Amino acid sequence: MIDRATCKLVRLAVGLGLAFACGFPLSAVAQQSDTQPVIVRPGAPGEPTRVLPSTTRAGLPPSSPKDIEFMQGMIMHHAQAVEMVALMDTRTENRELRSLGARISHSQSDEMNFMKRWLLARGESTSMRMSGMGEMAGMDHGQHSMLMPGMLSPKQMDALRKAKGAEFDRLFLAGMIQHHNGALIMVKDLFDTQGAGQDAELFNFTTDVDSGQRAEIRIMQTMLSKKS
Amino acid sequence: MIQFCHIKTSLLATTLFLCSCFGAVVLAQEALEKAPPLPAGMTGSNPNDPRSKLSPGLFDAGETSMGIKHVTLLRKPDAFQLGVDPNGPKVEKALTALGVPPGAQIPATVKMSFAGLAFANSDLAFQGNHVFLGNFYGINIYDIADRNNAKLVTSMLCPGGQGDVSVYKNLLFMSVEMANGRLDCGEQGFPPPPPPSAGQPQQALPAASKDRFRGVRIFDISDIRNPKQVGAVQTCRGSHTHTLVTDPKDKANIYVYVSGTSFVRQNEEMAGCSGGTPDKDPNTALFRIDVIKVPLAEPQNAKIVSSPRIFEDPKTGAINSLTSGATHGTGRPAETDQCHDITVYPEIGLAAGACSGNGILLDIKDPANPKRIEAVNDPNYAYWHSASFSNDGKKVVFTDEWGGGMGARCRETDPNVWGANAVFNLDGGKLRFANYYKLPAAQADSENCVAHNGSLVPVPGRDIKIQAWYQGGISMMDFTDPAKPVEIGYFDRGPIDPKMIILAGSWSAYWYNGRIYSSEIARGLDIFELTPTKFLSQNEIDAAKTVQVSALNVQTQERIHWPRQLVVAKAYIDQLERSNGLLAGQIASLRKSIETAEGSKSASDLNALKKHAAVIEKGARSSKNATDAARLKALAEILKQPAL
């Protein structure tokens, strides 16, 4: 029994973010000619495979408001790392730290570009809208901004701005470890949210953020322990 | 295989790209982020190569090749294309945000940029007349029985990425790692909770779902048009790739090594899963691989039988003892807690693991309990990605997927030792670095390019690998001399788009029973044939074609054996001519004798070949060149008793 009308309706409705499920058991259909390719969707283990109409088009898994929120929040989060690294120029001569900083800044800027492209392609704003606050521009706005997990407070940023030399190095490392740990929390929070994190690019991206920041945390912990 | 790292696209790039599509103002400057300069003392890729300036296009890009003939492209089926409704509100909103006038048609490349990775073709497996092409959205099965008319047989929808595939007898295996993977292969993923009613806060519901699947699926493909899911083994980290491991002593079971690279799922979804650091949780799902045992008669009873701590220090017991020696790259694991891919060679009892920060060797004589026997790292390596053994098991080629496969890493300014192959000698269980090999041709800023998957080409007497380089195309490397790997063939297309990276190119390029099959991420399945050049003769190609296997899973290496056919002898003679391993007069006389014997098949003519064999054997014993000595020996063996 093929509910053609339903199939057609669902097909018509297919657009971004809309997945469709429309199939019928193999037994219910006259076998298609052996020369034509068949489109099938298996069932769970032990369940039968269903044949789908030849007009089947692919659909994306549902997107979640959390996905958008995550990307917008992470842009804001990454922007602070770039801002922190920018402070290095006039505050430390530590070559190892400066090289690490350049690397962090490079990868976080790159990732910010990716996140902006991802959001724009989905018709979303690159900055976070908060009730009663207007648009967040994606940069640290001092006391006006809602801080993402791990982001340094305005007080911590002030302390970093005022520090020099070894004191700056220590505050930078401790601050960036805190900052990166926040990214890990954000990733965990994303995947702990029902319906979130199903987009393929988002998935790959977060996987990379997670492994990359873990690695950098370890490097920074080693650098920090050498100092004390 | 894809590890997202750097996407060289910017907001500006997207805007410009769309604008160019719609004929609006195109600002030529700064479309793509500028490549960083070539580090001092390094050499970049060659910008004067014919591959460097190919015209862009999806199905009409410029093409060029050397020694490789394109036979056909079977385009990705519609069932694996996003059904973008141009009038959908999201599309309109996205286009408006990008300054695109309303009512415009959406070009195919824009659809691809919407879909991104979700419908990317991935790895390949082969069995009989069937090619299994993995995809983030399922698997497409092609029939290649008719060489002039390869065709799609079955499109199996089953999303969850990356869709790494293997096939063994009536069983098809598939890797699933993403959060949208469902046990029932449904495309619908998991619905977000309904929006909260007015004035109520969004309720945070647990994400754990008994319907989610991340791990290795097993299908029965006894009926190729009706594959049935018969098993599904869940793992904590999902399966980014997997490798089938046969046990020469046990024909009733097959093992699967599971490499997971992504986040560890919640304990609530799968009991015992923890992503903690080793100091906090000795049972962490990081720092291990999982081994699944599949009873062939009862695949539904497949289960994890061990989770070997292959990064452990046997002395201290620390499970996180391996570290990367990388001096470049961005944010790759400094501490090795995962393998990306493992290639096994059951006959020699070894596996080569490409494990993020390290290349390792495993003793797999007891397949359920692999033991690490060697580990190397490399200052130029950012991410150890895949490995392959030479046929004699004395060399290992590793690849470095610097930039994760989504970035442009073959530009004029990218060092030729970054994102390259590294050829190692393998002797007595020790790996010794010999040299790097990288695609020599510079690629555009909008072409994702780095070393990726390849297989051996079974030319006797030489070590040859055909290999995918994403939008860098495919390249054939001769590594007979591991210190001097050299390119002997290639095929390349221009970028999909000149201004922004649209993920595309060859994911895997493998030789299977006489042809090369390439999984083109965005375009479909490419089929190629080799053509003779000064680097590779027709005899050598014909000799490679004598090797016919019943199935091929490239990460499960089986020894190549050549039949005692005279065409194989002729291939050796061509090689000995190239290397001056035989005198010109000897070569001429040999070729004449072979031609005569092939025609007459008479006892006296075959006897003449035996006489040649005796002389050649003597030459083999006195040859100072080990490669030529081996060729001479193999040549003599055939001449003594050729199969006609």
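1. In this predicted model, the buried residues of helix α6 in chain B are covered by elements that include α5 (566-578) and α7 (603-622) of chain B. Those buried residues are Leu590(B), Ile594(B) and Ala597(B). They lie on the same side of α6(B), because the arc they cover around the axis is only 65 degrees. The other side of α6(B) has exposed residues: Ala584(B), Gly585(B), Ala588(B), Lys592(B), Gly599(B) and Ser600(B).

2. As to its geometry, α6(B) runs over residues 584-600, which is 17 residues. From first C-alpha to last it reaches 25 Å, close to the 24 Å expected at 1.5 Å a residue. Just after the helix comes Lys601(B), with a positive phi of about 55 degrees.

3. For chain B as a whole, there are eight helices and 30 strands. Of its 644 residues, 57% count as buried. Among contacts in chain B with a separation of 6 or more, 61% are between residues 24 or more positions apart.

4. The largest nonpolar core has 206 residues, and the members that touch the most others are Phe132(B), Tyr510(B) and Leu635(B). The element that gives the most to this core is α5(B), with eight residues. Leaving aside residues up to four places away in sequence, Leu635(B) touches Ala569(B), Tyr572(B), Ile573(B) and Ile616(B). Another core, of 15 residues, lies apart from the largest one and includes Leu100(A), Phe168(A), Leu171(A) and Phe172(A).

5. One open sheet of chain B has nine strands with mixed pairing, in the order β1-β26-β25-β24-β23-β27-β28-β29-β2. At its edges are β1 (63-66) and β2 (68-75) of chain B, each of which pairs on one side only. Neighbouring strands here are turned against each other by 20 degrees on average, direction ignored. Within this order, β24(B) (residues 464-468) and β25(B) (residues 474-478) run antiparallel and are joined by five bridges. Lys465(B) has Met477(B) in β25(B) as its bridge partner.

6. A second open sheet to look at in chain B consists of four strands, in the order β11-β12-β13-β14, with antiparallel pairing. The edge strands β11 (241-247) and β14 (303-306) of chain B each have a single partner strand, so one side of each has no neighbour in the sheet. Seven bridges pair β11(B) with β12(B) (residues 250-259) in the antiparallel sense. His242(B) stands opposite Val258(B) in β12(B).

7. Strand β17(B) (residues 358-363) is largely enclosed by the rest of the structure, because five of its six residues are buried. Cys355(B) stands opposite Asn358(B) in β17(B). The two strands form a hairpin with two residues between them, and Ser356(B) in the turn has a positive phi of about 50 degrees.

8. β17(B) also runs antiparallel to β18(B) (residues 371-376), with five bridges joining them. The bridge partner of Leu362(B) in β18(B) is Arg372(B).

Technical notes. Residues are numbered from 1 along each chain as its sequence is written. Chains are lettered from A and ligands numbered from 1 in the order in which they are written. This is a predicted model: local features need pLDDT of at least 70, side-chain atom pairs count only at pLDDT 80 or more; totals for chains, interfaces and linings use all residues. The expected span of a helix is 1.5 Å times one less than its number of residues. A residue is buried if 20 or more other C-beta atoms lie within 10 Å of its own, exposed if 12 or fewer, and partly exposed in between; C-beta atoms are placed from the backbone. The arc is that of the directions from the helix axis to the C-beta atoms. Two residues are in contact if their C-beta atoms, placed from the backbone, lie within 7 Å. Two strands pair if DSSP finds at least two bridges between them. A nonpolar core is a set of buried Ala, Val, Leu, Ile, Met, Phe, Trp, Tyr and Cys residues joined through C-beta atoms within 7 Å. Axes are lines fitted to C-alpha atoms, for helices over the stretch in contact, and angles run from 0 to 180 degrees between N-to-C directions.
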